[in-house]
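Please look over the sequence and the structure shown here.

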Amino acid sequence: MSDLWSDLLDCLDLQGNPPTLEGRNQNLTYHRLFGGQLLAQFVRAAALACPGKAVKSLHVLFPRAGHSAKWLAGSPGGGDRDARIGRG
């Protein structure tokens with residue numbers, strides 16, 4: 001496996017207890033977050049928060065760029081007030 005792929009998979013190791021989980025960002029050469037990483041972390045957080053249920057569809061908008069040097073924290077299904085970007 002390439003280093004980027006291994007690093008992306010390592011980002012799915014979320015910390016904390018549902019409903020609030022935190023995940024680190026992928027180590028990329030540019031300063032923005034990779035949207036695929038966010039989607040994978042959202043699905044992983046949902047699986048941890050609701051075992052036995054499956055994600056059937058996703059719809060996402062990225063209205064602004066996230067900074068890769070800052071961790072993400074949030075609550076699945078909690079709305080935009082519960083998702084925080086910027087602990088760093």
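## Report on a predicted model

Gln-37 lies in helix 2; helices (H or I, at least four residues) and strands (E, at least two) are DSSP runs, numbered from the N terminus. The model is predicted: local features need pLDDT of at least 70, side-chain atom pairs count only at pLDDT 80 or more, and totals for chains, interfaces and linings use all residues. Residues are numbered from 1 along each chain as its sequence is written, and side-chain values use heavy atoms, with hydrogens and water left out.

Gln-37 has a relative accessibility of 1% and counts as buried. Buried means under 20% relative accessible area, exposed means over 50%, and partly exposed is in between (1.4 Å probe, protein chains only). The side chain of Gln-37 is joined to that of Asn-25 by a polar contact of 2.9 Å. A polar contact is a pair of N or O atoms within 3.5 Å; within protein, one must be able to donate a hydrogen and the other to accept it, and residues adjacent in sequence count only if both atoms are side-chain atoms.

Helix 2 covers residues 35–49 and also holds Ala-46. Ala-46 is partly exposed, at 25% relative accessible area. Its C-alpha is 8.9 Å from that of Pro-18, although Ala-46 and Pro-18 are 28 residues apart in sequence. Tyr-30 is in the loop between strand 2 (20–23) and helix 2.

How many salt bridges does the count come to? The count is one salt bridge, where a salt bridge is a side-chain nitrogen of Lys or Arg within 4 Å of a carboxyl oxygen of Asp or Glu. Asp-7 and Arg-24 form a salt bridge, and their closest N and O atoms are 2.3 Å apart. The pair links distant parts of the chain, 17 residues apart: Asp-7 is in helix 1 (residues 3–10), and Arg-24 is in the loop between strand 2 and helix 2. Side chains of opposite charge can pair when their charged atoms come close.

The table lists relative accessibility for some of the residues in this report.

| Residue | Relative accessibility | Class |
|---|---|---|
| Asp-7 | 11% | buried |
| Cys-11 | 0% | buried |
| Arg-24 | 22% | partly exposed |
| Tyr-30 | 43% | partly exposed |
| Cys-50 | 38% | partly exposed |
| Phe-62 | 44% | partly exposed |

Phe-62 is in the loop between helix 2 and strand 3 (71–74). Together with Phe-42 and Val-60, Phe-62 makes a nonpolar surface patch of about 270 Å². Patches are made of residues with over 30% relative accessible area and no salt bridge; like charges are joined within 9 Å, and nonpolar side chains (Val, Leu, Ile, Met, Phe, Trp, Tyr) within 5 Å.

The search of the whole structure for disulfides finds zero; a disulfide is a pair of cysteine sulfur atoms within 2.5 Å.

The protein chain has two helices and four strands, and its elements run α-β-β-α-β-β from the N terminus on. Of its 88 residues, 22% count as buried. The chain exposes about 6400 Å², of which carbon and sulfur atoms supply 55%; accessible areas come from the Shrake-Rupley method with a 1.4 Å probe, and for residues only the protein chains shown count as cover.
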